[in-house]
Amino acid sequence: MKFIRKISWSLLFVFAFLATTAQQQSPGLSFNTVQDLQQFLSYSKKRIPLISAHRGGPEKGYPENALETFQHSILSQPLIIECDISLSKDSVLLLLHDNRLDRTTTGTGRIGDFTYEELKQLRLKDNNGDTTSFRIPLLDDVLKWGKGKVIFTLDVKRGVPYSKVIEAVRRCKAEACSVIITYNADQAAEVHQLAPDLMISASIQNKEDLARLNDRGVPDNRLVAFVGVSEASPGLYELLHSRGILCILGTMGNLDRQAIARGEKNYYGLIERGADILSTDRPKEAGTVLKQYRQDNQLNLPVVSNVQTEVQDTTQLKVPGRRNSAAQQKKPYVILISADGFRYDYAEKYQAAHLLNMARQGVRAESMIPSFPSVTFPNHYTIITGLYPSHHGLVNNSFYDPAKKTGYSMGNREKVRDGNWYGGTPLWVLAEQQQLLSASMFWVGSEADVKNVRPTYYYNFNDRMPVNDRIQAVKDWLMLPEAERPHLITFYLSEVDHAGHRYGPDAPETAAAVKEVDSVIYRLTEAVRETELPVNFIFVSDHGMTAVDRENPIRMPQAIDTSKFIIPSSGTTLVLHAKNKADIRPVYEALKKQEDHFKVYLKSNVPADLHYGASDDRMNRIGDILLIPDWPYVFSERKPGVGYHGFPPLQVKEMGASFIAWGPAFKSDLVIPSFENVHVFPLIADILGLKYTEVIDGKKAVLKGILK
Ligand SMILES: [Zn+2]
């Protein structure tokens, strides 16, 4: 396995732990044709033993039969994924093991009593019973994902017709990665008649079982034998191997327990004595042993391709040697939470009961007005610096810097972690400079060495980190000894934004995401309550969300010769940097005549309320010409997605963000009018008694009145 480490950090900086975010190349099982799969799954002396991850290899934070779990499982080894197929009331094929929803999802009752529309609202629970953000996957999605990566053994649950499953395999062209599990000769014969090319896993525990299958017309070269959950006799292994049939041994249960008791080496013996595939609940442990076996016997996987998968670590990073000064140890605490895309009206619209309850105990704004452009990176960084985007320099999620002759993009980790892109003074920098410790469970800029200072405790962004782990990390921080305990903590949740983009602000999926965030806030406040510390919570979002006109996207106007401009951003702000300044004026004039569902500006005439004109452009990054679509239109060369944000916030009310604050510093049962998000910085500085001398855009007076 090959690791390409992409790590950038300031040389001045010493980490307690190494960052291990890595672009990992993980081995996948890839077959072009069903014949290739048949060939691979036939026995020879050079057969390659493999692991079958029972129910996909669930572990903490990763539920059984979840697509995210499969993705996680294949990072470490080439894998067969065993998964279970069930049917919704309206005959949609889904993955779920139990007949009932209760054990593995947030629902209750029989799966067959619910439509897919209803089932897709549910969240999956891991084996500890903890709710995750993952949903019951569609079989079609799973098959499409797995092609060229894994072999599936599909366990077709009672009441699900084989014909439907085979239709799905055909529809997804997944023949070369699918094996259908059967439990008796009748079932195997049925599958073989329906799909003579497909591989079948059949229960074969003695020679009579095999004879019965052959009698029913199932040939040896379509079979993989499931020999049971205890070791087969040498005679059975020998018979099956002599007929070219691979043997799956089920170690889930007894044999896995034996390996725990007697040592992992146990798995090695199972393979030596004749098993070819181990179906296990411990894919990682057993997989390590099989890897060793393959090495010892010089068995190379001929069909392995590389599946590029972004792996992110969940290691806490700590800047060593920092302590709160004695005076700072007496200060209160602030947890600043952002729920991305949590529109100003979502708490009421979707009855987020806990948040509304907290609002009654504290302060709520009718809305918080984001800065322009109303997108994620600029606004998170505005909230934490008190500066408009044009002033702090993160002028968009992606932008171009003419002086650097290169661009910044929120997807480029190297740039995201490079403090040189970030202006202003984030609150954690201000705090650390005044010997008040800070911690970040994600925030834009917190991974970067802004002014050579990072929060004392932080994580590299990893949206897959289970939310319960995030909550636990916050609690752990607050349980540290006084000198090491952070007083400013940031916390971030992305799911409402994802749902809003994908399904729109009015969709049930978005309602479910709001409810999930509401439940996270409840769990977080309950966890913090146990510390008995004076903690103030400030719940915000970066922007809102709106449905757009998907039928009439604005195409790139004719007047723009795209070879003459650098265009780092489109959608709700089309940005043009002229390669030759002489092109600016004529193109602007031409666009002005074509203004149709958009407005065109030179940076000298951008409306002042956007704070996005030439005089604001401190880092010279906003571009020479801006085209801003009239809501609800967006620039797009394809059919646009459902939900958008980024529009001028004073014109489009749905861009409005949330602000709810509660805790000992705040007045109670107070609703205040809308205010701009630049004013959060002075509020938090005030609560924590942090002094600042730099000129910022936020004014202390705006929110002063909400404090006791
Ligand atoms: Zn956002």
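At what angle do helix α9 (residues 254-262) and helix α10 (residues 265-272) pack, and how far apart are their axes? The structure is a predicted model, in which local features require pLDDT of at least 70 and side-chain atom pairs count only at pLDDT 80 or more, whereas totals for chains, interfaces and linings use all residues. Residues are numbered from 1 along each chain as its sequence is written.

Helices α9 and α10 pack at an angle of about 130°, and their axes are 7 Å apart. Axes are lines fitted to C-alpha atoms, for helices over the stretch in contact, and angles run from 0 to 180 degrees between N-to-C directions. Helices (H or I, at least four residues) and strands (E, at least two) are DSSP runs, numbered from the N terminus. The two helices are therefore oblique to each other; angles under 35 degrees count as roughly parallel, over 145 as roughly antiparallel, 65 to 115 as roughly perpendicular and the rest as oblique. Residues are in contact if their C-beta atoms, placed from the backbone, lie within 7 Å. By class, this contact comprises four nonpolar, two polar and one charged residues, where Ala, Val, Leu, Ile, Met, Phe, Trp, Tyr, Cys and Pro count as nonpolar, Asp, Glu, Lys and Arg as charged, and the others, Gly among them, as polar.

Y162, S163 and I166 of α5 meet E190, V191 and L194 of α6, a contact with four nonpolar, one polar and one charged residues.

At the level of domains, an automatic or database assignment gives domain 1 (29-99 + 138-296), domain 2 (321-387 + 424-548 + 650-704) and domain 3 (551-641). The centres of domain 2 and domain 3, taken over C-alpha atoms, are separated by 32 Å. Their contact takes 10 residues from domain 2 and 12 residues from domain 3. On the side of domain 2 that touches domain 3, six residues are nonpolar, four are polar and none is charged.

An open sheet of four strands has the order β24-β25-β27-β26 with antiparallel pairing, two strands being paired if DSSP finds at least two bridges between them. Its edge strands are β24 (565-566) and β26 (598-602), each pairing on one side only. Strand β24 is joined to the antiparallel strand β25 (residues 574-578) by two bridges, and F565 stands opposite A578 in β25.

Technical notes: Two residues are in contact if their C-beta atoms, placed from the backbone, lie within 7 Å.
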